[in-house]
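Subject: Structure handover

Hello,

Here is the structure you will be taking over. My notes on what was found in it follow below.

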Amino acid sequence: MCAKQVTKIGVLTSGGDAPGMNAAVRAVVRTGIYHGLEVFGIYRGYSGMIDDDIVQMNSRSVANIIQRGGTILKTARSKDFFEIEGREKAYKNLAKRGINGLVIIGGDGSFRGAQKFSHEFDIPCIGIPGTIDKDIAGTDFTIGFDTAVNTAVEAIDKIRDTADAHDRLFIVEVMGRDAGYIALHSGIATGAENILIPEAKTNIEELVNSLTEKEKRQKLVNLIVVAEGDEFGANEIAEVIRVRLPQTDTRVCILGHIQRGGSPTCLDRLIASRMGYHSVECLLEGRNNVMVGILNNKVHYTPLDKAVKAKQKITDDWFKIVKILAS
Ligand code: F6P
């Protein structure tokens with residue numbers, strides 16, 4: 001807990017953008033103003049903090065944004081914030097305005113920066129998990145995941161139509177640098193035959209055998225969903241299959257950044273609004289260095305270092321579901 005009363009707060013979005021970030025910014029700004037705080041928007045994440053790109057916000061500054069993807073504050077991955085000189089510059093820009101509390105909406109890289117900053121300087125930092133990858137511990141949801149996964153599902157459904165028309169095997173690569181959640185959720189929801197994710201070792205022999213066995217049963221339409229962070233990318237898997245099963249008509253589709261855009265789903269807007277509201281309450285209660293998450297539908301605070309260190313685990317039953325339902 002932090003003893004000093006927070007009076008002026010800054011809010012920033014950092015790292016990869018995620019649909020719903022605007023809803024969180026809106027919630028922070030309006031909750032802050034409700035409590036009589038001055039609220040400042042910091043542009044381009046930590047880069048704007050260093051470059052003094054900071055603007056005071058009012059309720060109207062966040063009008064008509066809850067439904068918009070991207071982030072009105074823009075975002076960046078700041079290299080300079082890794083250096084103490086960068087953080088000192090950032091601190092001075094906050095101090096000259098009297099900003100004495102920060103809300104950081106971002107992923108684990110952004111939380112690492114926040115943790116360092118709040119240890120070095122006397123400014124409490126509250127994290128809100130905003131990443132489509134869902135690779136943060138201490139929360140069932142991260143802002144943007146639900147929208148991204150629904151975008152992936154819509155795209156994969158369309159791919160299945162054409163796969164079905166041609167009796168083809170499609171390998172679809174979805175985002176997730178170190179985490180397979182988008183692949184796992186979108187793969188199960190679209191009835192993928194195989195899902196390859198970084199959390200599980202990819203066994204090429206097993207994959208080839210399962211496709212051979214399906215071919216024997218005249219199951220010619222197959223869908224493999226691969227997470228970007230898997231040890232083999234979609235193209236590499238396709239190459240193996242083309243060599244080992246040359247009779248299989250194989251195509252690759254990499255969904256890419258389409259998964260990061262678009263209007264946030266109701267769920268993303270809702271969790272962003274709840275998390276944004278509670279982040280300000282947290283600062284007013286004197287908390288520091290925690291992430292506001294939602295666990296079992298209850299608001300849950302996790303120390304930033306724990307949210308960063310311990311990624312969520314994917315339990316064996318998930319893999320069992322994929323195997324049994326794809327038969
Ligand atoms: O924000 C997470 C993420 O979308 C990852 O899934 C992906 O690997 C990465 O960001 C892409 O980052 P960039 O937009 O900088 O290429």
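Domain bounds here come from an automatic or database domain assignment. This is a predicted model, in which local features need pLDDT of at least 70 and side-chain atom pairs count only at pLDDT 80 or more, while totals for chains, interfaces and linings use all residues. Residues are numbered from 1 along each chain as its sequence is written, and side-chain values use heavy atoms, with hydrogens and water left out.

Domains

The chain is divided into domain 1 (8-144 + 264-307) and domain 2 (146-261). Their centres, taken over C-alpha atoms, are separated by 34 Å. In the contact of the two (heavy atoms within 4.5 Å), 13 residues of domain 1 meet 14 residues of domain 2.

Pockets

A pocket is an open set of points on a 1 Å grid over the protein atoms alone, where a 1.4 Å probe fits, with protein on both sides within 12 Å along at least five of seven lines; lining residues have an atom within 4 Å of a point. A volume is the space filled by probe spheres set on the points.

The largest pocket holds about 700 Å³ of space. It is lined by 33 residues, and G15, R77, D108, G109 and R177 are the closest to its centre. Domain 1 and domain 2 each give at least three residues to this lining. Helix α4 (residues 108-120) supplies the largest share, seven residues; helices are DSSP runs of H or I with at least four residues, and strands are runs of E with at least two, numbered from the N terminus. By class, the lining of the largest pocket has six nonpolar, 13 polar and 14 charged residues, with Asp, Glu, Lys and Arg counted as charged, Ala, Val, Leu, Ile, Met, Phe, Trp, Tyr, Cys and Pro as nonpolar, and the others, Gly among them, as polar.

The second largest pocket has about 520 Å³ of space. Among its 21 lining residues, N194, I195, E206, V322 and K323 are the closest to the centre. At least two lining residues come from each of β7 (194-196), α7 (204-216) and α11 (316-325).

Helix contact

L184, H185 and I188 in α6 meet W318, I321 and V322 in α11. This contact has five nonpolar, one polar and no charged residues.

Regards
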